[in-house]
Amino acid sequence: MEKTIALIPGDGIGPDVVAEAVNVLNAIAKKYNHTWIYKDVIAGGRAIDMFKNPLPKDQLDICLRADSVLLGAVGGPKWDNVDPSIRPEKALLGLRGGMKVYANLRPAVMFPQLKAACPLKDEIVGDGLDILIVRELTGGIYFGDRGFASDGRSAYDTEKYSWEEIERIVRIGFEAAKGRRKILTVVDKANILNTSRLWRTVAESVKPEYPDVELNYLYIDNAAMQLVRNPKQFDVIATSNMFGDILSDEASQITGSIGMLASASLGNGKGPGLYEPIHGSAPDIAGKNLANPLATILSAAMMLRYDFKLEDEAKSIENAVQEVLNEGYRTGDIAGADRDAVKAAGKLVGTKEMGKLVVEHLK
Ligand code: IPM
Ligand code: MG
């Protein structure tokens, strides 16, 4: 298979981790006889420095023409004081909106090898956590009308959802739940918000098509509490852009695997998907061979699965990551309390070594 992959290394540790994902993708290409053609895209802080624009149109166009897009991370304190209209985060919203990738899949899984890093008590997590958050990504308050009054003393943002925008997310939630533990939780604030009431109406209308899936609802405040009180009740969560942003950070933290988690942002399947680690740009450790590349490597695996339908190749990467962890190799962020022991065993590794280990374990 021959595919074009747009690479957005971005800022901070983005280039460090994307380089390792590319090494892994190249090894897969060799093993399974594929050809990847890479196109470099400049976006985020780097693009602000170079073009005074976090996502120039020609850079977005490279993404739109590609078969898939891999993003490292964007932003950093260097750009904290730039004009809000050109902040690095604008690149993310521009990519999401421009690529029409409306469904953000954020799996929050606990890697059993990293259980010690999970901040919850043993009796709460038991044998592990595996939650999938399906976050709406191109609508709601992130994209709604907003403004400041001319005197700068009042401001507004608006949450707006159409039936269609909700239905396509709810359907993805049902489909995902069908292949998992068959529970879909819609998270909202239906005691206050009209948009949330519409989410419930739409979910009810789709429900008869999925008789095997149990559908339930939680208010966002309760959901945030339940995630730490009894996370095992969750299988798939479908929710709005803003609530999904908040809950996915919480969910990733309780797995203890924040440096390990991948994500996929998908549209209607006609254009490329956008794949990225859920962690940020960690500018303090950029370029120091300290970042954990596994989340980006696992994002590349999701790309192979969803955009290229290469399930064996995706599994090959995921299995290699599991094996490297089983053998005890850790980057600093996931070594946790065992750091000294990991180091003494010669298994505390840097970004490059971790990437190389995954390549060596590919089957
Ligand atoms: C995320 C991030 C972004 C978001 C920010 C950086 C704009 O927090 O991907 O979750 O809020 O969507
Ligand atoms: Mg976020």
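**Exercise 1. Determine in which sense β8 and β9 pair, and over how many bridges.**

Solution. β8 and β9 are joined by 6 bridges and pair in the parallel sense; two strands pair if DSSP finds at least two bridges between them. Strands (E, at least two residues) and helices (H or I, at least four) are DSSP runs, numbered from the N terminus. Within this pairing, Val186 stands opposite Tyr217 in β9. The chain passes from β8 through α7 to β9 in a right-handed β-α-β crossover; right-handed means that, with the strands pointing away from the viewer, the path from the first strand over the helix to the second runs clockwise.

The model is predicted: local features need pLDDT of at least 70, side-chain atom pairs count only at pLDDT 80 or more, and totals for chains, interfaces and linings use all residues. Residues are numbered from 1 along each chain as its sequence is written, chains are lettered from A and ligands numbered from 1 in the order in which they are written, and side-chain values use heavy atoms, leaving out hydrogens and water.

**Exercise 2. Identify the strand that 4 bridges join to β8.**

Solution. Strand β10 (residues 236-239) is joined to β8 by 4 bridges, and the two run parallel. Thr185 stands opposite Ile237 in β10.

**Exercise 3. Find how many aromatic pairs the whole structure holds, and classify two of them.**

Solution. The search finds 3 aromatic pairs. Rings of Phe, Tyr and Trp (its six-membered ring) pair if their centres lie within 6.5 Å; planes under 30 degrees apart count as stacked, over 60 as edge-to-face and the rest as tilted.

1. The ring centres of Tyr161 and Trp199 are 5.4 Å apart and the planes stand at 90°, so this pair is edge-to-face. Tyr161 is in the loop between β7 (155-157) and α6 (163-178), and Trp199 is in helix α7 (residues 194-206), 38 residues apart. Both Tyr161 and Trp199 are buried.
2. For Phe174 and Tyr210 the centres are 4.8 Å apart and the planes at 10°, so this pair is stacked. Phe174 lies in helix α6 and Tyr210 in the loop between α7 and β9 (214-219), so the pair ties together parts 36 residues apart in sequence. Phe174 is buried at a relative accessible area of 0%, and Tyr210 is buried at 7%.

Definitions and conventions
Buried means under 20% relative accessible area, exposed over 50%, partly exposed in between (1.4 Å probe, protein chains only).
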